[in-house]
Amino acid sequence: MRLDKLLGALGLCTRSESRELFRRGRVTVNGETVRDGAKNVAEDAAVCLDGKPLDTRLTRHVMLCKPSGVLTAAEDPRQKTVMDLLPPVYRALGCMPVGRLDKDTTGLLLLTTDGELAHRLISPARHVDKVYRARVDGVLTQEDAAAFAAGISLKDFTALPARLEILSPDCGLVTVQEGKYHQVKRMFGARGKTVVQLHRVSFGPLALDEDLQPGQYRELTEEEAAALQKAAAGSHAT
Ligand code: URA
């Protein structure tokens, strides 16, 4: 990739601003000052700006512990979004949330620069499990679990069979493979129960890192990213 394009993709400067950086000799590649932004650099080249090494990876996968009160959106003119919780480089690289969590839902949200991967992860045809801990304003019963397993019929669609594991009278673990608008809340609603707290604990092979506090994030390890790719390969085509 051209060096000036790379710096632009990382959100460090515009193409024209980069000319000034090169002119002033502020950019080095593998220890050599580069004054021509058109120079192509290898993926593994050591690029420095003002002597500081740059992280030039264009593909990033992030696990965020989403707090309540933040929108799952790329941007919003009025409200804080999950993108505002990440350093600007992620936005510059085109990192996007994988599916959505409601504003008041907390827990594991994945974000990736890989749009194809995101698409596959949220496709019901790939059978990727999403697990939520739900607290409700009623008493959960085995009849609720049986109804979830049979596939809850909602106004506009019938949910795929889901698993409800009852943890305590008002708290359950729900496993779904699709992510329609307000899906889990609506499934409980159809059983006469209101969800008062919803927290995603896992997404496919990934569990929320317990060290992450609400609002904190980390990048996936190589092993986690590989496991996610494998899960996204799923058993069916979209
Ligand atoms: N189901 C919901 O109802 N809300 C979420 O945020 C996620 C799943």
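**Domain 2 against domain 3 in a predicted model**

Domain 2 and domain 3 bury about 1200 Å² between them, with 47% of that area on carbon and sulfur atoms. The model is a predicted one. The domain assignment divides the protein chain into domain 1 (3-53), domain 2 (61-124 + 205-232) and domain 3 (129-203). Taken over C-alpha atoms, the centres of domain 2 and domain 3 are 22 Å apart. The contact draws on 18 residues from domain 2 and 13 residues from domain 3.

**Make-up of the domain 2 side**

- Asp 102, Leu 108 and Pro 124 together account for 34% of the area that domain 2 buries against domain 3, more than any other three residues.
- Across the interface of domain 2 and domain 3, ten residue pairs are in polar contact, both residues being at pLDDT 80 or more.
- On the side of domain 2 that touches domain 3, strand 7 (106-112), helix 4 (115-122) and strand 12 (206-207) each supply at least two residues.
- Strand 7 gives the largest share of that side, with five residues.
- By residue class, the side of domain 2 that touches domain 3 holds twelve nonpolar, four polar and two charged residues.

**Salt bridges**

- The whole structure holds 21 salt bridges, and the count between domain 2 and domain 3 is two.
- Asp 102 forms a salt bridge with Lys 185, in which the closest N and O atoms are 2.8 Å apart.

**Strand pairing around strand 11**

- Strand 11 (residues 195-203) runs parallel to strand 7, and two bridges join them.
- In this pairing Thr 106 stands opposite His 199 of strand 11.
- Strand 8 (residues 130-136) pairs with strand 11 in the antiparallel sense over seven bridges.
- Here Arg 133 stands opposite His 199, the residue of strand 11 that also stands opposite Thr 106.
- Strand 12 pairs with strand 11 in the antiparallel sense over two bridges.
- The bridge partner of Phe 203 in strand 12 is Leu 206.
- Two residues lie between the strands in the hairpin of strand 11 and strand 12, and Gly 204 in this hairpin takes a positive phi near 55 degrees.

- Four strands form an open sheet in the order 2-1-3-4, with antiparallel pairing.
- Strand 2 (32-33) and strand 4 (52-53) are the edge strands, each pairing on one side only.
- Strand 1 (residues 27-29) and strand 3 (residues 47-49) pair in the antiparallel sense over three bridges.
- Within this pair of strands, Thr 28 stands opposite Cys 48 in strand 3.

Definitions and conventions: Residues are numbered from 1 along each chain as its sequence is written. This is a predicted model: local features need pLDDT of at least 70, side-chain atom pairs count only at pLDDT 80 or more; totals for chains, interfaces and linings use all residues. Side-chain values use heavy atoms; hydrogens and water are left out. Domain bounds come from an automatic or database domain assignment. Contact means heavy atoms within 4.5 Å. Buried area is the accessible area (1.4 Å probe) that two parts lose on being put together, summed over both. A salt bridge is a side-chain nitrogen of Lys or Arg within 4 Å of a carboxyl oxygen of Asp or Glu. A polar contact is a pair of N or O atoms within 3.5 Å; within protein, one must be able to donate a hydrogen and the other to accept it, and residues adjacent in sequence count only if both atoms are side-chain atoms. Ala, Val, Leu, Ile, Met, Phe, Trp, Tyr, Cys and Pro count as nonpolar, Asp, Glu, Lys and Arg as charged, and the others, Gly among them, as polar. Two strands pair if DSSP finds at least two bridges between them.
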